[in-house]
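Please keep the viewer open as you read.

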Amino acid sequence: MTPDEIEVFKRQQFGHRLGLGKFPALLIVDFVNGFVDPQLFGGGNIAAAAANTAPLLQAFRTAGCPVVFSRIIYAEDGSDATVHCLKVPRLKSLTKSNPASQIIDELAPAPGEIVLDKRLPSVFFETGLHGLLNGRGVDTIVVTGCTTSGCVRATVLDGLCHGFRPIVPSDCVGDRALSPHDASLFDLSQKYADVVSSEDVLTFLSQRNFVAA
């Protein structure tokens, strides 16, 4: 972004802060083996973002706040393939039996944590996530995962539309190319989310005692 372009957003009064609410949930979007592996769907800064998410996951567990994981899962025979697969046919290989579809060991879900299977970018689309979060009194979603320009962005937009405050730790989201990663973070910060550091979120968690509604 050029200084003149950034000035447009300032002049039009974008970029105000949402702030962290009363009860956050951590969403870990598609940090699966295939998206961390640069030979499959990964590359860029995805592996680093996954590693940076581990302390955040532990902090949410310690705080007693909900944790939700997502992964892309298609039927073994491809019968539920979506129009998205016309753009990226290789997605159909992400089936339950494929090790590439499994959440990475470093972020393995603990008992009681939610794992949602999805077929399209947003974790909110046809997964029941909205109701699950509402039922736990969540008002803020801290969105980590990959890719920043794809499933993370789609989840943030849907989260905002459902009335949640989206928070994006910039070092805990990744993309296979840095240009779309950086552009997406700027756009999200101006219009749809608070883009912060994972340290900011860790500090917030350490200063509060959370009680679900």
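## Ground rules

Helices (H or I, at least four residues) and strands (E, at least two) are DSSP runs, numbered from the N terminus. This is a predicted model, in which local features need pLDDT of at least 70 and side-chain atom pairs count only at pLDDT 80 or more, while totals for chains, interfaces and linings use all residues. Residues are numbered from 1 along each chain as its sequence is written, and side-chain values use heavy atoms, with hydrogens and water left out.

Let's begin with the loop between S1 and helix H2 (33-36), where Asp30 lies. Asp30 is not a glycine, yet its phi is positive, about 60°. Asp30 counts as buried because its relative accessibility is 0%; buried means under 20% relative accessible area, exposed over 50%, and partly exposed in between (1.4 Å probe, protein chains only).

Glu126 also has a positive phi, about 55°, without being a glycine. Its place is the loop between S3 and helix H5 (129-135), and at 64% relative accessibility Glu126 counts as exposed. Another detail to look up is the cis peptide bond from Cys146 to Thr147, with omega near -10°. Thr147 is in the loop between S4 and H6.

## Helix H3 and the core

The largest nonpolar core has 57 residues, and Phe60 and Leu133 touch the most other members. Such a core is a set of buried Ala, Val, Leu, Ile, Met, Phe, Trp, Tyr and Cys residues joined through side-chain atoms within 4.5 Å. Helix H3 (residues 46-63) gives the most to this core, with 7 residues. In soluble globular proteins, nonpolar side chains tend to be buried together. Leaving aside residues up to four places away in sequence, Leu133 touches Ala25, Val68, Phe124, Val138, Ile141 and Phe164 (contact means heavy atoms within 4.5 Å).

H3 bends by about 30° at Ala54, with Pro55 following within four residues. That bend is the angle between axes fitted to the seven residues ending there and the seven starting there. Just after H3, Gly64 takes a positive phi of about 75°.

## Helices H6 and H7

Helix H6 (residues 148-161) reaches 18 Å between its first and last C-alpha, close to the 20 Å expected for its 14 residues. Its buried residues are Thr148, Cys151, Val152, Thr155, Val156 and Gly159, and among the elements they pack against are strand S1 (24-29), strand S3 (114-118) and helix H7 (178-191). After H6 comes Gly163, whose phi is positive, near 95°.

H7 has buried residues including His181, Phe186 and Asp187. The buried residues of H7 pack against H1, H6, S5, S6 and strand S7 (194-196).

## Aromatic rings

There are 4 aromatic pairs. One of them, Phe35 with Phe41, is stacked, at 5.1 Å centre to centre and 25° between the planes. Rings of Phe, Tyr and Trp (its six-membered ring) pair if their centres lie within 6.5 Å; planes under 30 degrees apart count as stacked, over 60 as edge-to-face and the rest as tilted. Phe35 and Phe41 are both buried.

The charged end of Arg90 sits over the ring of Phe41, 5.6 Å from its centre (NZ of Lys or CZ of Arg must be within 6 Å of the ring centre and within 35 degrees of the ring normal). Elsewhere, ring pairs link Phe9, Phe14 and Phe186 into a cluster.

Note on methods
Expected span 1.5 Å × (residues − 1).
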